[in-house]
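Colleague: I have just opened this entry and would like a guided tour. Could we go through it question by question?

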Number of protein chains: 2
Amino acid sequence: MKLKPRSISRYRFQKNYEVKFRKPQRRLATALVAFTLMMFSQLSAFSQEKPRMIRIARIVVDSAQLENYKAALREGIETAVRVEPGVLSLSAVYEKQHPTHVTVFEIYADEDAYKAHIQTAHFKKYKNTVKDMVKSLELVDVSPIAMEAKPKM
Amino acid sequence: MKLKPRSISRYRFQKNYEVKFRKPQRRLATALVAFTLMMFSQLSAFSQEKPRMIRIARIVVDSAQLENYKAALREGIETAVRVEPGVLSLSAVYEKQHPTHVTVFEIYADEDAYKAHIQTAHFKKYKNTVKDMVKSLELVDVSPIAMEAKPKM
C-alpha cells in the first residue's frame, strides 16, 4: 500500500515526536519493568520464605556429671551459633531450684537449618560426649507469639 | 643536720637528673595512675555489676480465650521491651502440640529491672486483662549456661 503524502507527513511527525521522547520513554519503560519484576520477586520471596523453627529442649542431667555436661553444651552452642548461618540463637539455662534441669531455647532460620545443624561434626561431638550424662530429653516444637529484644544485647 | 659537700653534690646531680626527665616521668606517672584507677574502676564495676535476671514463665491458658490471651501478651511484651530500659528480651511461644501451653523466656538487666517492670502500668494492665484467662502460672528462675545469638536478628 502506498502512503498518501498527508499520512507520510503525520508518520514523520510521530517519528520525530517519538525520537524526541525516546530516551525518557525508555527510561520510564525500564523503570516500570524493573518495578514490576521487583514486586514479583518480593511477592515470590514472601511466599517462599520458610518459617523460623523454634524449639524448647528440656533436659535432665545426671547430677554427678552436671559440670561436664554444661561445658559440653556451652562448647556445642558457641560453635553452632558461630559457624552455622542458620543457627540464629541458642540460650541454655538451668533452674536455680533444680540445677540438673536444663532448658535450651533454640531458634533456627528454618527447618532445613535445623536439619543441617544436627548433621554437623560439632553437634555429633556434643551428642556423643553427653550421651551418658543425660537422664531425659524432651523436645518441644513451638510457635512464636511475640519475640522482642533490645537492639543491642 | 648539715649536709656534707659530697652529699650536696649528689643531691644536686639527682635534682638535675630529675629535672631532665621531669616531663616524661610525669607522663609515665600520670599514665600509671590513670591505668591503676582504670583497673580499679573496672574491678569495681565488675564486682558491683548485678547479674541479669533470667526467668521462664510456664502458663496454661483457658482454650476458649487463647486468642485474646495471645493478643494481651503480645501487647504487654512489645510495650515492655520498647519502653523499659531494663527489659532486655521477652520471647513468648506456644507449644504446637498443646497450643494452650505458653512459655515466656524473660531476660531483665537485673532484679531491680524486673521489680520495676511489674510496677509499670502496662504490666498491671496485662495482668488485669488476663487474670481470668490463665489457668496456671509457674515462674522458674534460671541461671545461664550459654546464651549465644547472631549479631543481627
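Colleague: At what angle do the axes of helix 3 and helix 5 of chain B cross?

Modeller: Helices here are DSSP runs of H or I with at least four residues, strands are runs of E with at least two, and both are numbered from the N terminus. The axes are lines fitted to C-alpha atoms, for helices over the stretch in contact, and angles run from 0 to 180 degrees between N-to-C directions. In this predicted model, the two axes come within 9 Å and cross at roughly 170 degrees.

Colleague: Is helix 3 of chain B roughly parallel or roughly antiparallel to helix 5 of chain B?

Modeller: Angles under 35 degrees count as roughly parallel, over 145 as roughly antiparallel, 65 to 115 as roughly perpendicular and the rest as oblique. The crossing of this pair is at roughly 170 degrees. That makes helix 3 of chain B, relative to helix 5 of chain B, roughly antiparallel.

Colleague: Thanks! What should I know about the numbering and the cut-offs of the model?

Modeller: Residues are numbered from 1 along each chain as its sequence is written, while chains are lettered from A and ligands numbered from 1 in the order in which they are written. Because the model is predicted, local features need pLDDT of at least 70 and side-chain atom pairs count only at pLDDT 80 or more, though totals for chains, interfaces and linings use all residues, and side-chain values use heavy atoms, with hydrogens and water left out.

Colleague: Which residues of helix 5 of chain B make the contact with helix 3 of chain B?

Modeller: Contact means heavy atoms within 4.5 Å. On the side of helix 3 of chain B, the contact is made by Tyr69(B), Ala72(B), Leu73(B), Glu75(B), Gly76(B), Thr79(B), Ala80(B) and Val83(B). Their partners in helix 5 of chain B are His122(B), Lys125(B), Tyr126(B), Thr129(B) and Val130(B).

Colleague: How many residues of the contact of helix 3 of chain B with helix 5 of chain B are nonpolar?

Modeller: Ala, Val, Leu, Ile, Met, Phe, Trp, Tyr, Cys and Pro count as nonpolar, Asp, Glu, Lys and Arg as charged, and the others, Gly among them, as polar. With four polar and two charged residues set aside, the number of nonpolar residues in this contact is seven.

Colleague: Is His122(B) buried or exposed?

Modeller: His122(B) is found in helix 5 (residues 121-130) of chain B. Not counting residues up to four places away in sequence, His122(B) touches Gly76(B), Thr79(B), Ala80(B), Val83(B), Glu84(B) and His117(B). Buried means under 20% relative accessible area, exposed over 50%, and partly exposed in between (1.4 Å probe, protein chains only). At a relative accessible area of 17%, His122(B) is therefore buried.

Colleague: How far does helix 3 of chain B reach from its first C-alpha to its last?

Modeller: The expected span of a helix is 1.5 Å times one less than its number of residues. Helix 3 of chain B covers residues 66-83, which is 18 residues, with 26 Å expected. The reach in the model is close to that, at 26 Å.

Colleague: What is the relative accessible area of Lys70(B)?

Modeller: Lys70(B) sits in helix 3 of chain B. Leaving aside neighbours within four places in sequence, Lys70(B) contacts Ile145(A) and Tyr94(B). Lys70(B) is buried, with a relative accessible area of 8%.

Colleague: Which residues does Leu139(B) contact, leaving aside neighbours within four places in sequence?

Modeller: Leu139(B) belongs to strand 4 (residues 134-149) of chain B and is partly exposed, with a relative accessible area of 43%. Leu139(B) and Arg55(B) are 84 residues apart in sequence, yet 6.9 Å apart in space, C-alpha to C-alpha. The contacts of Leu139(B) are Arg55(B), Ile56(B) and Ala57(B).

Colleague: How are the rings of Tyr108(B) and Tyr114(B) arranged?

Modeller: Rings of Phe, Tyr and Trp (its six-membered ring) pair if their centres lie within 6.5 Å; planes under 30 degrees apart count as stacked, over 60 as edge-to-face and the rest as tilted. A search of the whole structure finds seven aromatic pairs over all chains. The rings of Tyr108(B) and Tyr114(B) have centres 5.1 Å apart and planes at 65 degrees, so the pair is edge-to-face.

Colleague: What is the relative accessible area of Tyr108(B)?

Modeller: Tyr108(B) lies in strand 3 (residues 101-108) of chain B. Apart from neighbours within four places in sequence, its contacts include Arg52(B), Met53(B), Leu90(B) and His117(B). Tyr108(B) is buried, with a relative accessible area of 1%.

Colleague: In what order do the elements of chain A run from the N terminus on?

Modeller: Chain A comes to four helices and four strands. From the N terminus on, the order is α-β-α-β-β-α-α-β.
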